[in-house]
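Look at the structure below with its sequence alongside.

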Amino acid sequence: MSVLAMLLLTTALAGVGGTGVGGLVGALLQKDSKRTVSLLLSFAGGVMLSVVCFDLVTEAIETNMGTWTVVGAVTLGVAVTYLLNYWIDRKTNPEVPHIDENHPKTADDLDELIHSDHLNQHYAKKDSKFGLFVAGLVMACAIALHNVPEGMTIGASYAVNEGAMGRAALVLAVIIGLHNIPEGMAVSVPLISGGMPKWKAVLITAATGIPTILGALLGYVLGEIGPLGLTMSLGFASGAMLYVVFGEILPQSILMYHSKLPAFSTIVGILLGLLIIF
């Protein structure tokens, strides 16, 4: 099997497969457990932190392009992801009734994180097809902001290992797939609640994982350009993932389940990531 074929298969299983399984679970149960989702997210966030800090960033430094280049690439990843998220939130949050001045400044539910609550509002209002299309496009963009950097980390890991599936790529694929299951549930449940047929909701949910594949191709192509491209790919993806973990996943997991358990779940994820990497 060629390098690109293996990369596409790995990322498709993590992205499309993970969200698709989550969508199917959501369609069958039509509910989710905040405690389970919170602990699953915080655990996945912990493993991602290990992989980013102890593998991807280390690999970026070892390209010998200079530590400041790595810092710049990571900063760029954080800044771009934050600004795009901020822009989407600013445009959509005022349309969701329960998000007001008393609401936390970060998402306290997966529906908010991926803006499926915004789409559901348009379904509830029986909006025009164009309005539903725009709301669906916004949700797709919000999901892509998370999935593209996730895919880039897998693609960059392939580039580091010269087309082979290294431990970091395998770990990332498994963890991203695991992380996408609750996201898939968050997409399918409100769609079904809004009146969409279950089969259609599951297919749409699975399709939201496609940006992961695009991110993997982008990360791999940049990594193949040369040391600078590899450094930028690893650094940008790492920065985007750091923002997603610290700015969204961890605050959200704690707001979803008010307990110390998400913190312990994160620590377990970090330690497991270390064991796998080293």
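A helix here is a DSSP run of H or I with at least four residues, and helices are numbered from the N terminus. The model is a predicted one. By that numbering, residues 110-113 form helix 4, and E112 lies in this helix.

Is E112 buried or exposed? Its relative accessibility is 10%, and buried means under 20%, so E112 counts as buried. The side chain of E112 is joined to that of H103 by a polar contact of 3.0 Å. Leaving aside residues up to four places away in sequence, E112 touches H98, I99, H103, T106, A107 and D117.

Next come two further helices. Helix 5 covers residues 116-124 and helix 6 covers residues 129-160; their axes come within 8 Å and cross at roughly 170 degrees. Angles over 145 degrees count as roughly antiparallel, and therefore helix 5 is roughly antiparallel to helix 6. On the side of helix 5, the contact is made by S116, H118, L119, H122 and Y123. Helix 6 contributes G131, L132, A135, G136, V138 and M139. Of the residues in this contact between helix 5 and helix 6, six are nonpolar, five are polar and none is charged.

The cysteines remain. A disulfide is a covalent bond between the sulfur atoms of two cysteines. How many disulfides does the model have? With a cut-off of 2.5 Å between cysteine sulfur atoms, the count is zero. C53 has a relative accessibility of 36% and counts as partly exposed. C141 is also partly exposed, with a relative accessible area of 39%.

Notes
Residues are numbered from 1 along each chain as its sequence is written. This is a predicted model: local features need pLDDT of at least 70, side-chain atom pairs count only at pLDDT 80 or more; totals for chains, interfaces and linings use all residues. Side-chain values use heavy atoms; hydrogens and water are left out. Buried means under 20% relative accessible area, exposed over 50%, partly exposed in between (1.4 Å probe, protein chains only). Axes are lines fitted to C-alpha atoms, for helices over the stretch in contact, and angles run from 0 to 180 degrees between N-to-C directions. Helices (H or I, at least four residues) and strands (E, at least two) are DSSP runs, numbered from the N terminus. Angles under 35 degrees count as roughly parallel, over 145 as roughly antiparallel, 65 to 115 as roughly perpendicular and the rest as oblique. Contact means heavy atoms within 4.5 Å. Ala, Val, Leu, Ile, Met, Phe, Trp, Tyr, Cys and Pro count as nonpolar, Asp, Glu, Lys and Arg as charged, and the others, Gly among them, as polar. A polar contact is a pair of N or O atoms within 3.5 Å; within protein, one must be able to donate a hydrogen and the other to accept it, and residues adjacent in sequence count only if both atoms are side-chain atoms.
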